[in-house]
Amino acid sequence: RATQEGMRENIPGTVVDGRVSPARGYKYGGGYWTIVSLNTFIRKFCPKIWPRLHDFPDCPGLLKTRVPQEL
């Protein structure tokens, strides 16, 4: 709830329901899915712990080359 309430200060349409549900796209209500915002924050401020799929030993070759290009 605290995260959603903080998000609502900048994006008034944010739904405050205390849930972190799987996202279906980016937008939910007049704001963004909570999980999208949390992942964006972690990716931006904690890049060393962001899931780095291309670093997994069993990552398929094509995916291994594409992930860094997209990030």
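T3 is found in helix 1. T3 is partly exposed, because its relative accessibility is 40%, between the cut-offs of 20% and 50%. Leaving aside neighbours within four places in sequence, T3 is in contact with T34 and L38. T3 and V16 lie 13 residues apart in sequence, and their C-alpha atoms are 8.8 Å apart in space.

**Confidence**

The chain has a mean pLDDT of 88. Of its residues, 99% reach 70 or more. Confidence is highest in helix 1, residues 2–10, at a mean of 94. Confidence is lowest in helix 3, residues 61–70, at a mean of 85. Where pLDDT is low, predicted coordinates should not be read in detail.

**Helix 1 against helix 2**

How do helix 1 and helix 2 pack, and at what angle? The angle is about 85°, and the axes are 11 Å apart. Helix 2 covers residues 34–45. An angle from 65 to 115 degrees counts as roughly perpendicular, so helix 1 is roughly perpendicular to helix 2. Helix 1 brings T3, Q4 and M7 to the contact. Helix 2 brings T34, S37 and L38. By type, the residues of this contact divide into two nonpolar, four polar and no charged.

L38 is found in helix 2. L38 touches T3 and V20, not counting residues up to four places away in sequence. L38 counts as partly exposed, because its relative accessibility is 32%. L38 and R1 are 37 residues apart along the chain, and their C-alpha atoms are separated by 13 Å.

W33 sits in the loop between strand 2 (31–32) and helix 2. Is W33 buried or exposed? W33 is buried, because its relative accessibility of 7% is under 20%. Its contacts, leaving aside neighbours within four places in sequence, are S21, P22, A23, R24, G25, Y26, K27 and Y28. W33 and T14 are 19 residues apart in sequence and 8.3 Å apart in space, C-alpha to C-alpha.

**Cysteines**

How many disulfides does the structure hold? The count is zero. C46 is partly exposed, with 26% relative accessibility. C59 is buried, because its relative accessible area of 10% is under 20%.

**Accessibility by residue**

The residues discussed above are set out here.

| Residue | Relative accessibility | Class |
|---|---|---|
| T3 | 40% | partly exposed |
| L38 | 32% | partly exposed |
| C46 | 26% | partly exposed |
| C59 | 10% | buried |
| W33 | 7% | buried |

**In brief**

Helix 1 and helix 2 pack at about 85°. T3 and L38 both belong to that contact, and L38 touches T3. W33 is buried in the loop between strand 2 and helix 2. The structure holds zero disulfides.

Notes. Residues are numbered from 1 along each chain as its sequence is written. This is a predicted model: local features need pLDDT of at least 70, side-chain atom pairs count only at pLDDT 80 or more; totals for chains, interfaces and linings use all residues. Side-chain values use heavy atoms; hydrogens and water are left out. pLDDT is the predictor's confidence in each residue, from 0 to 100. Helices (H or I, at least four residues) and strands (E, at least two) are DSSP runs, numbered from the N terminus. Axes are lines fitted to C-alpha atoms, for helices over the stretch in contact, and angles run from 0 to 180 degrees between N-to-C directions. Angles under 35 degrees count as roughly parallel, over 145 as roughly antiparallel, 65 to 115 as roughly perpendicular and the rest as oblique. Contact means heavy atoms within 4.5 Å. Ala, Val, Leu, Ile, Met, Phe, Trp, Tyr, Cys and Pro count as nonpolar, Asp, Glu, Lys and Arg as charged, and the others, Gly among them, as polar. A disulfide is a pair of cysteine sulfur atoms within 2.5 Å. Buried means under 20% relative accessible area, exposed over 50%, partly exposed in between (1.4 Å probe, protein chains only).
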